[in-house]
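This report concerns the arrangement of secondary-structure elements in one protein chain. The sequence and the coordinates are shown first, and the discussion follows.

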Amino acid sequence: MYFKDYFSIWDKLTPAQQDRISDHVSSRSIKKGTIIHNGSLDCTGLLLLKSGQLRAYILSDEGREITIYRLFDRDICLFSASCIMRSIQFDITIEAEKDTEFWLIPPDLYKELMEESAAVSNYTNEIMAARFSEVMWLMEQIMWKSMDKRIASFLLTEASIEGTNTLKITHEMIANHLGTHREVVTRMLRYFQSEELIKLTRGTVEIIDAKQLQVLEN
């Protein structure tokens, strides 16, 4: 598959714009755990995922992480090119959760396309609106949902992403996703286990009763 097959507004670009992208876009492959973008000073460029999985998170002054969104096949990441959008005033770190392949669009080129093309500008605004909705959903979770509901929701989401009820994930990793302490996660997971909702082994959480987790989630 080629870049044009993944870039949904390719047909809305002029032939000259298509040529410019083709001449400057590059393909990259990274390993799981690689940090691709780290903070507002790092203007990497726009990322269009070919395969794999990325995690975008913010870091508190105390060093606590919280996941704000994730990216999968065909998703595009704008925050890795935050230097071209003055409205972005916070630092985001982007890490590969799996071995990942993506195309990289240079930030200066994309900025030029945004200024030239209404289609690119509208497309960018739509992505920004979608990311804003995800952040607002996260804020609602933090403000209004108890930790047991958030952990239940996280486990069910992970099972859906991975296609299995046996999740190879540590308590620390769950805490990093949810922006809480590992001890809080451990205490809640042990409670879930005592209720026979999950089974815990070293580095693994197995969902035993997904239906009851769904009830708890809601």
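In this predicted model, helix α3 (residues 107-116) has Pro107, Leu109, Tyr110 and Leu113 as its buried residues. Because these residues cover an arc of only 160° around the axis, they lie on the same side of α3. An α-helix has 3.6 residues a turn, so residues three or four places apart point the same way. On the other side of α3, Asp108 and Glu115 are exposed; here exposed stands for over 50% relative accessible area, and buried for under 20%. The buried residues of α3 pack against two helices, α2 (15-24) and α4 (118-144), and against the strands β3 (46-51) and β8.

**The sheet**

Strand β8 also belongs to an open sheet of 4 strands, in the order β1-β8-β3-β6, with antiparallel pairing. The edges of this sheet are β1 (26-30) and β6 (76-77); each has a single partner strand, so one side of each is left without a neighbour in the sheet. Strands of a sheet pair through backbone hydrogen bonds, either parallel or antiparallel.

Strand β8 (residues 100-105) pairs with β1 in the antiparallel sense over 5 bridges. The pairing of β3 with β8 is likewise antiparallel and comprises 5 bridges.

| Residue | Bridge partner in β8 |
|---|---|
| Ser29 | Glu101 |
| Ile30 | Thr100 |
| Leu48 | Trp103 |

How many of the 6 residues of β8 are buried? The count is 5, and β8 is therefore largely enclosed by the rest of the structure. The buried residues of α3 are among the surroundings of β8, as they pack against this strand.

**The contact of α5 with α7**

A further packing arrangement involves helix α5 (residues 147-162) and helix α7 (residues 182-194), whose axes come within 10 Å and cross at roughly 75°. An angle of 65 to 115 degrees counts as roughly perpendicular, so α5 is roughly perpendicular to α7. On the α5 side, the contact is made by Met147, Asp148, Ile151, Ala152 and Leu155. On the α7 side, Val184, Val185, Met188, Leu189 and Phe192 take part. Classified by residue type, the contact of α5 with α7 holds 9 nonpolar residues and 1 charged residue, with no polar ones. Asp counts as charged, and Asp148 of α5 is one of the contacting residues.

Key
Residues are numbered from 1 along each chain as its sequence is written. This is a predicted model: local features need pLDDT of at least 70, side-chain atom pairs count only at pLDDT 80 or more; totals for chains, interfaces and linings use all residues. Side-chain values use heavy atoms; hydrogens and water are left out. Two strands pair if DSSP finds at least two bridges between them. Axes are lines fitted to C-alpha atoms, for helices over the stretch in contact, and angles run from 0 to 180 degrees between N-to-C directions. Angles under 35 degrees count as roughly parallel, over 145 as roughly antiparallel, 65 to 115 as roughly perpendicular and the rest as oblique. Contact means heavy atoms within 4.5 Å. Buried means under 20% relative accessible area, exposed over 50%, partly exposed in between (1.4 Å probe, protein chains only). The arc is that of the directions from the helix axis to the C-beta atoms.
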